[in-house]
Amino acid sequence: MPVVAQGAQLAVITTRQPEVRLIGKSPAIQALEQEIDSASKSDAKVLITGETGVGKEVVSRLIHHRSARAAAGLVTLNCAGLPDSLLESELFGHVRGSFTGAYRDKPGLLEMAPNGTVFLDEVGEMSTRMQVVLLRFLESGEIQRVGADRSHTRVNVRLITATNRDLQAQIASGAFREDLYFRLNVIRFAIPPLRERAEDVPLLVNFYTESFSQTHKVPATEISSEAMDALMAYQWPGNVRELKNVVERVVLRAGGRLVKASDLPPEVLNVRRTAPAGDRSDPTDPMAAVNGRADDLAALMIKQGESFWSAVYPTFMSRDLTRNELRKIVQIGLETTNGNYRLLVQLFNMAPEDYKRFLSFLRKHDCHLPFQRFRAVPVRLQVPPRAVPRVG
Ligand SMILES: Nc1ncnc2c1ncn2[C@@H]1O[C@H](COP(=O)(O)OP(=O)(O)OP(=O)(O)O)[C@@H](O)[C@H]1O
Ligand SMILES: [Mg+2]
């Protein structure tokens with residue numbers, strides 16, 4: 001589990017061995033297992049590519065944990081959405097006074113895992129300026145803190161990067177430096193999407209069915225063969241992450257009974273029906289899946305007594321729950337409590353002293369909804385009914 005969290009949860013440093021497994025028996029997964037074994041024997045840089053949710057982070061963790069660096073730390077940093085200045089100071093550190101708020105010298109992440117591994121996720125999102133900074137580091141191994149005029153130290157870390165972008169296309173368009181690409185692309189993992197290895201679907205479904213039944217303390221559920229066929233036929237644009245989410249919903253809804261194909265979400269069944277406006281299960285409505293998932297997780301807390309910290313928080317932090325889904329859950333809570341966050345804390349089975357922590361968590365992730373609009377508006381004015389003009 002993460003033992004050090006830096007800054008606003010930008011990076012996670014793991015020093016103990018978290019349990020990770022690559023589930024699947026397809027030739028692609030078997031080949032991946034062998035490639036992981038061989039990559040973990042060297043120190044060469046690794047570039048992992050593949051669609052969103054295919055398991056790039058899982059692979060990076062397995063490489064680290066099977067390598068001689070396992071006893072040292074694994075630093076994971078997601079480059080997406082971070083402004084250059086923040087990304088640079090997170091990676092390389094900064095010296096006191098280098099920008100407003102830099103009250104003291106601070107080491108960067110690259111120094112925090114000596115002899116360990118640094119995993120830079122979504123490296124394709126880096127600005128061209130940051131690409132130059134990273135390239136300079138890769139060439140010299142020297143760390144120059146932001147605001148310093150010379151290098152501070154040298155570090156020994158192994159670099160693993162990942163992206164779901166087509167880097168060749170980005171190179172062609174000038175968005176990614178070719179020289180950096182050659183540096184990063186020493187050992188290459190290209191993880192195929194789930195739809196190209198449908199034989200892995202039953203294993204994943206069974207694994208997550210069991211694991212979610214245990215996590216949410218609901219009776220074990222069995223998946224019928226017609227439902228499994230539908231799950232295997234589905235295209236899974238969000239890959240294993242999407243499958244995990246679908247299985248979680250199904251387990252919560254089934255409550256231990258056999259899952260039929262008709263119990264699956266409409267997008268999996270590829271149901272195209274014209275639904276009345278506002279119908280939550282309309283498969284053409286992008287908010288339908290968000291609402292369904294939020295409803296399920298809210299019900300888990302409100303009806304089954306699970307705490308927000310176990311039902312929602314870990315899933316959100318591992319990026320398996322989107323901001324929109326979290327906002328929707330908060331909305332359900334505020335609707336139920338008439339806009340009262342203190343009651344919401346109770347409703348979601350948290351201790352009253354968690355109030356501040358909960359609110360600052362929501363604010364940090366931009367999911368704090370203004371409570372005012374959930375307060376029932378007292379009726380002050382009695383508006384007389386408008387006179388209806390007589391016709392004829
Ligand atoms: N083969 C697998 N076996 C078990 N779990 C998997 C497998 N592949 C992916 N997962 C799970 O699916 C989820 C998404 O995986 P991961 O975060 O590694 O994807 P990713 O490729 O890094 O996605 P993104 O591009 O969106 O960052 C995680 O919860 C992970 O544990
Ligand atoms: Mg990832």
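Biologist: Which residues of α2 are buried?
Modeller: In α2, Lys56, Val59, Ser60, Leu62, Ile63, His64 and His65 are buried. Buried means under 20% relative accessible area, exposed over 50%, and partly exposed in between, with a 1.4 Å probe and protein chains only. Helices (H or I, at least four residues) and strands (E, at least two) are DSSP runs, numbered from the N terminus.

Biologist: Remind me what sort of model this is, and how the numbering goes.
Modeller: This is a predicted model: local features need pLDDT of at least 70, side-chain atom pairs count only at pLDDT 80 or more, and totals for chains, interfaces and linings use all residues. Residues are numbered from 1 along each chain as its sequence is written, chains are lettered from A and ligands numbered from 1 in the order in which they are written, and side-chain values use heavy atoms, leaving out hydrogens and water.

Biologist: OK. What covers the buried residues of α2?
Modeller: The cover includes α1, β3, β4 (74-78), β7, β10 and β11 (187-190). Contact here means heavy atoms within 4.5 Å.

Biologist: Take α1 then. At what angle do the axes of α1 and α2 cross?
Modeller: Roughly 45°, and the axes of α1 (residues 27-39) and α2 (residues 56-66) come within 8 Å. That makes α1 oblique to α2. The crossing is right-handed.

Biologist: Which residues make the contact?
Modeller: From α1, Leu32, Glu33, Ile36, Asp37 and Ala39. From α2, Val59, Leu62, Ile63 and Arg66.

Biologist: Switching to β10. How many of the residues of β10 are buried?
Modeller: 6 of the 6 residues of β10 (residues 158-163) are buried, so the strand is largely enclosed by the rest of the structure.

Biologist: Which residues point which way from β10?
Modeller: Arg158, Ile160 and Ala162 point one way, and Leu159, Thr161 and Thr163 the other. In a regular strand the side chains alternate between the two faces of the sheet.

Biologist: How many bridges join β3 to β10?
Modeller: 4, with β3 (residues 46-49) and β10 running parallel. Two strands pair if DSSP finds at least two bridges between them. Ile48 has Ala162 as its bridge partner in β10.

Biologist: And how many bridges for β7 and β10?
Modeller: β7 (residues 117-121) pairs with β10 in the parallel sense over 4 bridges. Thr161 of β10 is the bridge partner of Leu120.

Biologist: Last one. Where is Thr221, and is Thr221 buried or exposed?
Modeller: Thr221 is in the loop between α8 (201-215) and α9 (225-233). Thr221 is buried, with a relative accessible area of 10%.

Note on methods
Axes are lines fitted to C-alpha atoms, for helices over the stretch in contact, and angles run from 0 to 180 degrees between N-to-C directions. Angles under 35 degrees count as roughly parallel, over 145 as roughly antiparallel, 65 to 115 as roughly perpendicular and the rest as oblique. A crossing is left-handed if the near helix is turned anticlockwise from the far one by less than a right angle, and right-handed if clockwise.
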